[in-house]
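Grab a pencil and work through these exercises with the structure open beside you. Try each task before you read its solution.

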Amino acid sequence: MILTELPSRTPAIVDTVEDHGPQDSIARRLRELGFVNGEEVEVVAKGPLGAEPLLVQVGFTRFALRRSEAARIRLRNGASE
């Protein structure tokens, strides 16, 4: 599952961030923000037009992500892994 498919207020665990090339600055930045293997993530809210941006919480920090950025974040099955 990818982050854009996660229902609101449903916790999940980050598995990986997909790279789109060898020097992918967006994937690197997502990892720097805390979207790393094993971190809990949750979609807190979705924007009014096309559900963009997504308000996402990772750990105790919230970020607004474009759907194209959130689609790079792969999740594990179940939040307790």
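**Exercise 1. Find which residue of β2 stands opposite I13, then work out how the sheet is built.**

Step 1. I13 has E40 of β2 opposite it. Helices and strands here are DSSP runs, numbered from the N terminus; a helix is H or I with at least four residues, a strand is E with at least two.

Before going on, a word on what you're looking at: this is a predicted model, where local features need pLDDT of at least 70, side-chain atom pairs count only at pLDDT 80 or more, and totals for chains, interfaces and linings use all residues. Residues are numbered from 1 along each chain as its sequence is written, and side-chain values use heavy atoms, with hydrogens and water left out.

Step 2. Now look at the two strands: β1 covers residues 12-17, β2 covers residues 40-49, and they pair in the antiparallel sense over two bridges. Two strands count as paired if DSSP finds at least two bridges between them. In general, strands of a sheet pair through backbone hydrogen bonds, either parallel or antiparallel.

Step 3. Zoom out to the whole sheet. It's an open sheet of five strands, in the order β4-β3-β2-β1-β5, with antiparallel pairing. At the edges sit β4 (61-65) and β5 (73-75), each pairing on one side only. From one strand to the next, the twist averages 45°.

**Exercise 2. Work out which strands helix α1 touches, and look at its two ends.**

Step 1. Helix α1 (residues 25-33) packs on the sheet and touches β1, β3 (52-58), β4 and β5. Contact means heavy atoms within 4.5 Å.

Step 2. Compare directions: that of α1 makes about 145° with that of β1. Axes are lines fitted to C-alpha atoms, for helices over the stretch in contact, and angles run from 0 to 180 degrees between N-to-C directions.

Step 3. At the start of α1, a side-chain oxygen of D24 comes within 3.1 Å of the backbone nitrogen of I26. Just after α1, G34 has a positive phi of about 120°.

**Exercise 3. How many salt bridges does the whole structure hold, and what do some of them connect?**

Step 1. The search finds seven. A salt bridge is a side-chain nitrogen of Lys or Arg within 4 Å of a carboxyl oxygen of Asp or Glu.

Step 2. Take R74 and E18, whose side chains meet at 2.5 Å, N to O. This pair links distant parts of the chain: R74 is in strand β5 and E18 in the loop between β1 and α1, 56 residues apart. R74 is partly exposed at 34% relative accessibility, and E18 is partly exposed too, at 27%. (Buried means under 20% relative accessible area, exposed over 50%, partly exposed in between, with a 1.4 Å probe and protein chains only.)

Step 3. Next comes E69 with R66, where the closest N and O atoms are 3.0 Å apart. E69 counts as buried because its relative accessibility is 16%. Elsewhere, salt bridges that share partners join R28, R29 and E32 into one network.

**Exercise 4. Describe the surroundings of D19.**

Step 1. At 43% relative accessibility, D19 is partly exposed.

Step 2. List the contacts. Leaving aside neighbours within four places in sequence, D19 touches D24, A27 and R31.

Step 3. Pick out R31, which lies in helix α1, 12 residues from D19. The two form a salt bridge, with their closest N and O atoms 2.7 Å apart. R31 is partly exposed, at 31% relative accessibility.

**Exercise 5. Describe how the rings of F35 and F63 are arranged.**

Step 1. The structure holds one aromatic pair. Its ring centres, in F35 and F63, are 5.9 Å apart and the planes are at 50°, so the pair is tilted. (Rings of Phe, Tyr and Trp, its six-membered ring, pair if their centres lie within 6.5 Å; planes under 30 degrees apart count as stacked, over 60 as edge-to-face and the rest as tilted.)

Step 2. F35 lies in the loop between α1 and β2 and F63 in strand β4, so the pair ties together parts 28 residues apart in sequence. Both F35 and F63 are buried.

Technical notes: A polar contact is a pair of N or O atoms within 3.5 Å; within protein, one must be able to donate a hydrogen and the other to accept it, and residues adjacent in sequence count only if both atoms are side-chain atoms.
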